[in-house]
Amino acid sequence: MPIVPRGYAPGRSALTGAGTDSGPRQVNLPSSGLLRGVLWFLGAPLLLIGPFLAYAAVFLATSETTMNRWILGVAGVGVTISCVKLARRESRLHERAQRDLRRLEAAGVTATAEITAVRPISLGEESGTELTLLISGPGFEPFESTSRCKDDSALTVGARLNAVVDPTDRLYAIVP
(Lines give C-alpha, C1' and ligand atoms only; values in the text may rest on other atoms or scores of the structure.)
Protein backbone atom coordinates (compact mmCIF):
# COMPACT_ATOMS: atom_id res chain seq x y z
CA MET A 1 0.00 0.00 0.00
CA PRO A 2 1.43 3.40 -0.97
CA ILE A 3 2.27 5.97 1.63
CA VAL A 4 0.99 9.46 0.91
CA PRO A 5 3.18 12.25 2.29
CA ARG A 6 1.86 14.58 4.94
CA GLY A 7 4.13 17.49 4.15
CA TYR A 8 5.43 19.71 1.42
CA ALA A 9 7.46 18.12 -1.34
CA PRO A 10 9.37 20.98 -3.06
CA GLY A 11 8.16 21.51 -6.61
CA ARG A 12 5.64 18.73 -6.37
CA SER A 13 2.79 19.99 -4.20
CA ALA A 14 -0.38 21.12 -5.88
CA LEU A 15 -0.92 24.83 -5.47
CA THR A 16 -4.18 24.98 -7.38
CA GLY A 17 -6.73 22.31 -8.10
CA ALA A 18 -6.24 20.68 -11.46
CA GLY A 19 -8.91 18.97 -13.51
CA THR A 20 -12.65 19.27 -13.25
CA ASP A 21 -15.21 17.52 -11.11
CA SER A 22 -15.63 14.82 -13.77
CA GLY A 23 -11.93 14.54 -14.66
CA PRO A 24 -8.71 13.88 -12.79
CA ARG A 25 -8.10 15.92 -9.65
CA GLN A 26 -4.87 16.38 -7.75
CA VAL A 27 -4.94 16.26 -3.97
CA ASN A 28 -3.95 19.45 -2.22
CA LEU A 29 -1.85 18.59 0.79
CA PRO A 30 -3.30 19.89 4.06
CA SER A 31 -1.46 22.70 5.77
CA SER A 32 0.72 21.75 8.71
CA GLY A 33 -0.42 22.17 12.30
CA LEU A 34 2.04 25.01 12.86
CA LEU A 35 0.76 26.94 9.84
CA ARG A 36 -2.86 26.47 10.91
CA GLY A 37 -1.93 27.65 14.42
CA VAL A 38 -0.32 30.80 13.04
CA LEU A 39 -3.38 31.46 10.86
CA TRP A 40 -5.71 31.12 13.84
CA PHE A 41 -3.39 33.23 16.03
CA LEU A 42 -3.49 36.04 13.45
CA GLY A 43 -7.16 35.51 12.57
CA ALA A 44 -8.56 35.59 16.12
CA PRO A 45 -7.83 39.31 16.68
CA LEU A 46 -9.40 40.07 13.30
CA LEU A 47 -12.46 38.11 14.30
CA LEU A 48 -12.69 40.10 17.55
CA ILE A 49 -12.38 43.48 15.82
CA GLY A 50 -15.80 43.14 14.19
CA PRO A 51 -17.84 42.68 17.38
CA PHE A 52 -15.78 45.42 19.07
CA LEU A 53 -16.65 47.87 16.27
CA ALA A 54 -20.35 47.00 16.58
CA TYR A 55 -20.16 47.39 20.39
CA ALA A 56 -18.34 50.71 20.00
CA ALA A 57 -21.01 51.95 17.58
CA VAL A 58 -23.78 51.26 20.08
CA PHE A 59 -22.23 52.08 23.46
CA LEU A 60 -18.99 54.05 23.09
CA ALA A 61 -19.59 56.43 20.20
CA THR A 62 -22.59 58.19 21.74
CA SER A 63 -21.18 61.66 20.96
CA GLU A 64 -20.80 60.84 17.25
CA THR A 65 -23.44 61.57 14.63
CA THR A 66 -25.94 58.86 13.81
CA MET A 67 -24.40 58.32 10.37
CA ASN A 68 -20.93 57.69 11.83
CA ARG A 69 -22.38 55.22 14.33
CA TRP A 70 -24.16 53.35 11.53
CA ILE A 71 -20.98 53.20 9.47
CA LEU A 72 -19.03 51.87 12.47
CA GLY A 73 -21.69 49.28 13.23
CA VAL A 74 -22.03 48.07 9.64
CA ALA A 75 -18.23 47.86 9.32
CA GLY A 76 -18.12 45.73 12.48
CA VAL A 77 -20.78 43.35 11.20
CA GLY A 78 -19.07 43.18 7.78
CA VAL A 79 -15.66 42.38 9.27
CA THR A 80 -17.19 39.68 11.47
CA ILE A 81 -19.06 38.02 8.59
CA SER A 82 -15.98 38.11 6.33
CA CYS A 83 -13.71 36.58 8.98
CA VAL A 84 -16.20 33.81 9.78
CA LYS A 85 -16.58 32.97 6.08
CA LEU A 86 -12.79 32.82 5.60
CA ALA A 87 -12.38 30.59 8.66
CA ARG A 88 -15.11 28.23 7.46
CA ARG A 89 -13.57 28.07 3.96
CA GLU A 90 -10.11 27.24 5.34
CA SER A 91 -11.62 24.59 7.59
CA ARG A 92 -13.54 22.97 4.70
CA LEU A 93 -10.45 22.95 2.46
CA HIS A 94 -8.38 21.35 5.22
CA GLU A 95 -11.04 18.69 5.89
CA ARG A 96 -11.33 17.91 2.16
CA ALA A 97 -7.55 17.52 1.83
CA GLN A 98 -7.45 15.17 4.83
CA ARG A 99 -10.38 13.14 3.49
CA ASP A 100 -8.70 12.82 0.07
CA LEU A 101 -5.41 11.71 1.64
CA ARG A 102 -7.18 9.08 3.75
CA ARG A 103 -8.93 7.81 0.63
CA LEU A 104 -5.64 7.58 -1.27
CA GLU A 105 -4.02 5.75 1.64
CA ALA A 106 -6.88 3.24 1.66
CA ALA A 107 -7.61 2.74 -2.05
CA GLY A 108 -4.67 4.30 -3.89
CA VAL A 109 -2.42 2.37 -6.25
CA THR A 110 1.16 3.21 -7.12
CA ALA A 111 1.49 4.96 -10.47
CA THR A 112 3.95 6.89 -12.59
CA ALA A 113 3.39 10.46 -13.78
CA GLU A 114 5.46 11.33 -16.84
CA ILE A 115 5.88 15.01 -17.61
CA THR A 116 4.83 15.58 -21.23
CA ALA A 117 4.90 19.40 -21.26
CA VAL A 118 6.27 22.17 -19.05
CA ARG A 119 5.05 25.74 -19.25
CA PRO A 120 6.24 28.63 -17.07
CA ILE A 121 3.43 30.50 -15.33
CA SER A 122 3.02 33.16 -12.67
CA LEU A 123 1.78 32.15 -9.23
CA GLY A 124 1.09 35.60 -7.90
CA GLU A 125 4.44 37.01 -6.87
CA GLU A 126 6.34 33.76 -7.47
CA SER A 127 7.28 32.02 -10.67
CA GLY A 128 5.82 28.60 -11.16
CA THR A 129 5.38 25.81 -13.63
CA GLU A 130 2.35 24.20 -15.19
CA LEU A 131 3.01 20.55 -15.89
CA THR A 132 1.09 18.34 -18.25
CA LEU A 133 1.27 14.83 -16.84
CA LEU A 134 0.53 11.44 -18.34
CA ILE A 135 -0.37 9.27 -15.37
CA SER A 136 -0.33 5.50 -15.79
CA GLY A 137 -0.37 2.48 -13.55
CA PRO A 138 -2.07 -0.85 -12.86
CA GLY A 139 -5.84 -0.99 -12.56
CA PHE A 140 -6.78 2.12 -14.57
CA GLU A 141 -6.49 3.58 -18.04
CA PRO A 142 -3.68 6.14 -18.47
CA PHE A 143 -4.95 9.71 -18.27
CA GLU A 144 -3.61 13.20 -18.75
CA SER A 145 -3.83 15.99 -16.21
CA THR A 146 -2.27 19.35 -15.49
CA SER A 147 -0.64 20.45 -12.28
CA ARG A 148 0.57 23.87 -11.19
CA CYS A 149 3.52 23.89 -8.83
CA LYS A 150 6.49 25.94 -7.71
CA ASP A 151 9.46 26.15 -10.03
CA ASP A 152 11.96 23.28 -9.78
CA SER A 153 14.82 22.55 -12.18
CA ALA A 154 14.17 18.80 -11.92
CA LEU A 155 10.76 19.20 -13.55
CA THR A 156 11.58 18.69 -17.23
CA VAL A 157 9.84 16.99 -20.13
CA GLY A 158 10.33 13.24 -19.90
CA ALA A 159 10.93 13.19 -16.15
CA ARG A 160 8.99 10.56 -14.24
CA LEU A 161 7.42 11.25 -10.89
CA ASN A 162 5.96 8.83 -8.40
CA ALA A 163 2.23 9.12 -7.89
CA VAL A 164 -0.64 7.49 -6.04
CA VAL A 165 -3.99 7.23 -7.83
CA ASP A 166 -7.48 6.23 -6.76
CA PRO A 167 -8.61 4.32 -9.88
CA THR A 168 -12.32 4.90 -9.27
CA ASP A 169 -12.29 8.64 -9.99
CA ARG A 170 -8.65 9.40 -10.88
CA LEU A 171 -7.87 11.34 -7.73
CA TYR A 172 -4.09 11.51 -7.51
CA ALA A 173 -1.15 12.83 -5.52
CA ILE A 174 2.44 13.30 -6.64
CA VAL A 175 4.71 11.78 -3.99
CA PRO A 176 8.46 12.25 -3.44
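A nonpolar core is a set of buried Ala, Val, Leu, Ile, Met, Phe, Trp, Tyr and Cys residues joined through side-chain atoms within 4.5 Å; buried means under 20% relative accessible area, exposed over 50%, partly exposed in between (1.4 Å probe, protein chains only). The model is predicted: local features need pLDDT of at least 70, side-chain atom pairs count only at pLDDT 80 or more, and totals for chains, interfaces and linings use all residues. Residues are numbered from 1 along each chain as its sequence is written, and side-chain values use heavy atoms, without hydrogens and water.

**View 1. The largest nonpolar core.** This core has 16 residues. Leu-133 and Ile-135 have the most contacts inside it. Strands E2 (109-123), E3 (126-137), E4 (140-150), E5 (160-166) and E6 (171-175) each give two or more residues (strands are DSSP runs of E, at least two residues, numbered from the N terminus). Another core, of 7 residues, lies apart and includes Val-27 and Leu-101.

**View 2. The Tyr-55 and Phe-59 pair.** Rings of Phe, Tyr and Trp (its six-membered ring) pair if their centres lie within 6.5 Å; planes under 30 degrees apart are stacked, over 60 edge-to-face, the rest tilted. The count comes to 3 aromatic pairs. Tyr-55 and Phe-59 form a tilted one: 5.1 Å centre to centre, 40 degrees between the planes. Tyr-55 is partly exposed, at 43% relative accessible area. Phe-59 is exposed, at 54%.

**View 3. The Phe-140 and Phe-143 pair.** These rings are tilted, 5.8 Å centre to centre and 50 degrees between the planes. Both residues are buried. With Tyr-172 they form one aromatic cluster.

How values were computed. Helix = DSSP H or I, 4+ residues; strand = E, 2+ residues; numbered from the N terminus.
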